[in-house]
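Me: I've got a protein model open and I'd like to go through it. Can you take me around, starting with one residue?

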Amino acid sequence: MKKIVIANWKMNLGIKESQDLTKKILSGLKKIENLENIEIVISPSFVALPFIKEIIKNFSPPVYLGAQNIFWEEKGSYTGEISPLFLKELGVNFAIIGHSERRINLKEDDEMVHKKVRIALHHQIVPIICIGETFEEREENQTDLILIKQISFALEGFRLTEENKIVIAYEPVWAIGSGQAVEPQQLQHAKFIIKQRLVDLFGFDLVDKCFRIIYGGSVDSKNVKRFVEKKIDGFLIGGSSLNAEEFLKIIEIVSKNF
Ligand code: PGA
């Protein structure tokens, strides 16, 4: 499977700003070689999605559209929620699910994450499932347990086939937006724990065919190479994706080093 670099713009850019940044990113991408080795996903706010779709639609190699959330029902009285059907209609290919900012600020829990993953898979939208420990949990040596618990709740009970594609984003809560990324050895250990749990649930073969395990949390153009060397499958990038030059540098490093 290809490596993946995902921009998560969170609630930082309006429509015009998102359009401008997308155009800058696309013009920079034209100068980068080996782009066919990676998938690039842009996740703007919901209101900007149709506008960004217009800009990226004919770009080659394709740049994909990601939603920052998804709802677990298709239709009905759910004021303020966004149906997977609407996302499909817009050509959205990926959805971020269970980001710690939603778990913390909107009380998104493991059961909701599970239901969102289910509906995303049902509609061939690739779920980007965010998991990771808080600073306190790390201090109490709970990291492995938290990762195992979050993966189990998100995915237990699913029958996957080779066609199902899932991204697991290891995002330690303390590393997000803090300027302090995880140590590469810690990342390698977390990847091992995640993979082991996935293999327990689905077996080696399906894990290889269906899953990518990526990292997110204060990734920038200076530290990304250290993580690439640990054979991680890609990155979920917040702050550094808001600056076209910085984001393009990251993509260039990833494309050169895989
Ligand atoms: P950050 O955010 O790169 O700004 O730390 C990552 C994320 O929240 O997905």
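Predicted model: local features only at pLDDT ≥ 70, side-chain atom pairs only at ≥ 80, totals over all residues.

Me: Ok. Which strand is Val5 in?
Reply: Val5 lies in strand β1. Strands (E, at least two residues) and helices (H or I, at least four) are DSSP runs, numbered from the N terminus.

Me: Is the rest of β1 buried or exposed?
Reply: Six of the six residues of β1 are buried. Lys3, Val5 and Ala7 are on one side, Ile4, Ile6 and Asn8 on the other. Both faces are covered.

Me: Which strands pair with β1?
Reply: One is β2 (residues 38-43), which runs parallel to β1 and is joined to it by six bridges. In that pair, Asn8 stands opposite Ser43. Another is β8, also parallel, with four bridges to β1 (residues 3-8). Two strands pair if DSSP finds at least two bridges between them.

Me: What stands opposite Val5 in β8?
Reply: Phe235 does. Val5 also has Leu236 at 6.2 Å, C-alpha to C-alpha, though the two are 231 residues apart in sequence.

Me: Which way do the β8 residues point?
Reply: In β8 (residues 234-237), Gly234 and Leu236 point one way. Phe235 and Ile237 point the other way, and all four are buried.

Me: How many bridges join β7 to β8?
Reply: Two, and β7 (residues 211-216) runs parallel to β8. There, Gly216 stands opposite Leu236.

Me: Back to the start of the chain. Where is Leu13?
Reply: Leu13 sits in the loop between β1 and α1 (15-29). Leu13 counts as buried because its relative accessibility is 18%. Leu13 and Ser45 are 7.4 Å apart in space, C-alpha to C-alpha, and 32 residues apart in sequence.

Me: New topic: the ligand. Which residues come nearest?
Reply: Lys10, His99, Glu171, Gly177 and Ser218 come nearest, out of 13 residues around the ligand. A residue is near a molecule or strand if one of its heavy atoms lies within 4 Å of it.

Me: How much of the ligand does the protein bury?
Reply: The protein buries 96% of the 280 Å² that the ligand exposes when taken alone. Those areas come from the Shrake-Rupley method with a 1.4 Å probe; for residues, only the protein chains shown count as cover.

Me: How many salt bridges are there?
Reply: The structure holds 17. A salt bridge is a side-chain nitrogen of Lys or Arg within 4 Å of a carboxyl oxygen of Asp or Glu.

Me: What is the story with Asp110?
Reply: Asp110 forms a salt bridge with Lys149, with the closest N and O atoms 3.3 Å apart. The pair links distant parts of the chain, 39 residues apart: Asp110 in helix α5 (residues 110-122) and Lys149 in helix α7 (residues 143-155). Asp110 is at 13% relative accessibility, so it counts as buried. Lys149 is at 40%, so it counts as partly exposed.

Me: And Arg197, which residue does it meet?
Reply: Arg197 meets Asp200 in a salt bridge of 4.0 Å, N to O. Both lie in helix α8 (residues 184-202), three residues apart, about one turn of the helix. Arg197 counts as buried because it is at 16% relative accessibility. Asp200 counts as exposed because it is at 56%.

Technical notes. Residues numbered from 1 in each chain as written. Heavy atoms only, no water. Buried < 20%, exposed > 50% of the residue type's maximum accessible area, 1.4 Å probe, protein only.
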